[in-house]
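Please open the structure in your viewer and keep the selection tool at hand. The tour below moves from one selection to the next and says what is found at each stop.

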Amino acid sequence: MNTSGEGCQSARDLSLLELLHPDGFASQALVLGSGCPSSLEPASPLGTGDVADLILAVPSASECRTPGWLRGAVQTISQKLHEQGIAYILVPPRLRAQVRKLLADQGLCSNQALMHLPGQETSRYILPLDPISIRSFFSKVLPVSRWGRLAITFGFQFFQGDQFFMRAWPAVGLVVCRPGARPLCEWLFRLDGQADRSGSVIIRRGWRGRNGAVILYRFMEGEQSPSAVGKVGMSQQLFRRLVREAECLDRLGPHARTAGARVPERLSLEPIQRCPVLLQTMIEGEPLSSLLAAQPHRLPGITDALVSWLERWNSATMVTRTVDRPFLDEALLNRAALLAPFFEYGEQYRNELMQRCAKVIGVPSPLVSTHNDLTMWNIMLSEPRSLGIIDWESARECALPFVDFFYAMTDAVAVARARGSRLEAFKECFAVDGACQSLLSQYLMRLRRVVQVPDEMVGLCFHACWLHHAANEQRSTGSSEPRPFLQLVQWLSQNKASLCRWVHA
């Protein structure tokens, strides 16, 4: 495929429900009703009198009460739906049986229903309403406790759980197609030569919204676990990012696996409507974010296992380079300049970093490969203590050491001890009187035996970690959204005396 991204500007962005179409995109779409959330709106318009290959019917509350509205919407679908197209109907539970009867009267099929979690406004997850998909979702995609899984299994086995959700869950969409139409998401099964097979797909929206990828968990028919995971760049701006992730999996994956982690393997990288789709193998396990929240007492064992892997990975990827000004600009100073206007004494903090950087220019220093987003959401655990690392789009082949360590330890403490507060977790980890400071200093000593950097560089690595995340946050969040990393950098810049001695070299 064309990995440069050139020519992508002539194509449009995709919308979420287009991914259900057998081709992965709709040539023309139609929206019926005024209750459609913006997160689900199709991107392409419909000319008058044209046939549509995606029709979305979402009535408002008043339209639901209007006599004949549903009948008219179903008739419109019958008249305008392309023979290989799909329609999607979102109505309250009390109207679903009526809609199915109206569809049958028009000779249309509605053999699949999709559940939106937490609701249709956000639609963070969209999953087929069947026992295998529901059980797999709560065990593979969004793990719940063992008792929770037993309750879900019991409910489906003895109480027809899918029928319960159909009758009671507010956000369930009915998928409509003509008899003989191709399967939903057929394009996803074609990517790695599985066109002769079918199955189901769970859709997960990324927390970055339009700025992030949509994740697709692909289940082959009859299988209990996903066979592959697709990452779809819904915006053309994500083209280069997913291409980079595919390249990182190819280049960095072997060393990460040799060091003892399970890492996805690239299966394919193809465009859909010139938007990239990265298909990779599934990494099984429970996210450490869920595990640590439920069992905070496991924090020492988990952090020890993670540091042991970092020791091996750093050792396998370490190279020694002479540090120059362009390298330091990219790693620290450009980000400090971006953030300085947004917090008090930001310019003073930037000047102090420039002085510290001047002292190491021309000094040989070890550099290592980094993941750069080693949050507990991206680390999966399969017993006994087998770590899986996912989401490699921010990884670098040659970067400052310890940045993964600083971030991962803080994130782990935030989940297990600080009720999700990054700043409080940061203080526990790196303030002189922090509850975890002694343990983390021992971990850092272990890593420094492997990656022997000058003392001045250790402090710069520490600042580089938080500047990286704060700069990413600044670029991807709106002005009214919370910015915990900016808050953290501000505290760091104004409370230097409270931090561990090694931060100051």
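Begin by selecting Phe426, which counts as buried at 0% relative accessibility, where buried means under 20% relative accessible area with a 1.4 Å probe and protein chains only. This is a predicted model, in which local features need pLDDT of at least 70 and side-chain atom pairs count only at pLDDT 80 or more, while totals for chains, interfaces and linings use all residues. Residues are numbered from 1 along each chain as its sequence is written, and side-chain values use heavy atoms, with hydrogens and water left out.

Next, select Trp466, which is also buried, with a relative accessible area of 1%. Phe426 and Trp466 form an edge-to-face aromatic pair, 5.4 Å centre to centre with 85° between the planes; rings of Phe, Tyr and Trp (its six-membered ring) pair if their centres lie within 6.5 Å, and planes under 30 degrees apart count as stacked, over 60 as edge-to-face and the rest as tilted. Because Phe426 lies in helix α14 (residues 422–430) and Trp466 in helix α16 (residues 455–476), the pair ties together parts that are 40 residues apart in sequence; helices here are DSSP runs (H or I) of at least four residues, and strands (E) of at least two, numbered from the N terminus.

Now widen the selection to the aromatic cluster that includes Phe402, Phe426, Phe430, Trp466 and Trp502.

Finally, move to Ser365 in strand β14 (residues 364–370), which is buried with a relative accessible area of 0%. Leaving aside neighbours within four places in sequence, Ser365 is in contact (heavy atoms within 4.5 Å) with residues including Val319, Arg321 and Met457.

How values were computed: Buried means under 20% relative accessible area, exposed over 50%, partly exposed in between (1.4 Å probe, protein chains only).
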